[in-house]
Amino acid sequence: NVAVMRELLEAGANANAVLPEGETVLMTAARTGSVEAITLLLDRGADVNAQDKFYGESALMWAAAQNHDEAVRILIARGAPVNSRSTLQQISNRRAGQNILSLGNWTPLMYAARENSLDAGRALVKGGADLNLTDPDGATALVIAIINAHYEFGALLLEAGADPNIVDTEAGMGALYAAVDMHRLA
């Protein structure tokens, strides 16, 4: 509720208020996609670069994952680094070099790819996202889209110029291998 937010901020509420796990008011606004709320918070000094304490995710990552393209555009325009990274995670119980959870160090584009956030993906591409950055396993946003069966997102990345020949460090899997592997699954 932007009207209530405005009144609270005018009464002295902190635009950089943080929950114990590091979630900021701006992150919450980004998750909802309210451009008006995001703009109000940024105008009142909210930190566009703040990251939570669990995964080091930012407002831009949350907006991208939730497919809020207008929120992505305003955050980038107001200084959110389009190629920022979440925190690298230390996962000790990997199986055959693989793990179920992300190792972190993901970009907003990787979050969008995982969730098939096409509109946000287009906004990130237009905002200058590097299409060929890799996660700790060497996977690109293109491969992340494919292994999550988000082929339209993969096509978006290819059409924007993503390199399909980048392979991961564990299995040597590139985009074509991932597509064939996904096709043969039950």
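T107 is buried, because its relative accessible area is 3%, and the cut-off for a buried residue is under 20%. The model discussed here is predicted. T107 lies in the loop between α5 and α6, the latter helix covering residues 108-115. When its neighbours within four places in sequence are set aside, T107 is in contact with N83, S84, R85 and L133.

Attention may now turn to the aromatic rings. The count of aromatic pairs comes to one. This pair is formed by W106 and Y111, whose ring centres lie 5.4 Å from each other. The angle between the two planes is 75 degrees, and the arrangement is therefore edge-to-face, since planes over 60 degrees apart are classed in that way. W106 counts as buried, with a relative accessibility of 7%. Y111 is buried as well, at a relative accessible area of 6%.

A further feature is the packing of two helices. In general, such a packing is described by the angle between the axes and the distance between them. Helix α5 spans residues 69-77 and helix α7 spans residues 118-126; they pack at an angle of about 25 degrees, with their axes 8 Å apart. That angle makes α5 roughly parallel to α7, because angles under 35 degrees fall into this class. The crossing of the two helices, α5 and α7, is right-handed.

Which residues of α5 and α7 make the contact? On α5 they are D69, V72, R73 and I76, and on α7 they are D119, A120, A123 and L124. Sorted by class, the contact of α5 with α7 comprises five nonpolar and three charged residues, with no polar ones.

Key:
Residues numbered from 1 in each chain as written. Predicted model: local features only at pLDDT ≥ 70, side-chain atom pairs only at ≥ 80, totals over all residues. Heavy atoms only, no water. Axes fitted to C-alpha atoms, helices over the stretch in contact; angles between N-to-C directions. Helix = DSSP H or I, 4+ residues; strand = E, 2+ residues; numbered from the N terminus. Parallel < 35°, antiparallel > 145°, perpendicular 65-115°, else oblique. Left-handed = near helix turned anticlockwise from the far one by under 90°. Contact = heavy atoms within 4.5 Å. Nonpolar A, V, L, I, M, F, W, Y, C, P; charged D, E, K, R; others polar. Buried < 20%, exposed > 50% of the residue type's maximum accessible area, 1.4 Å probe, protein only. Phe/Tyr/Trp six-rings, centres within 6.5 Å; stacked < 30°, edge-to-face > 60°.
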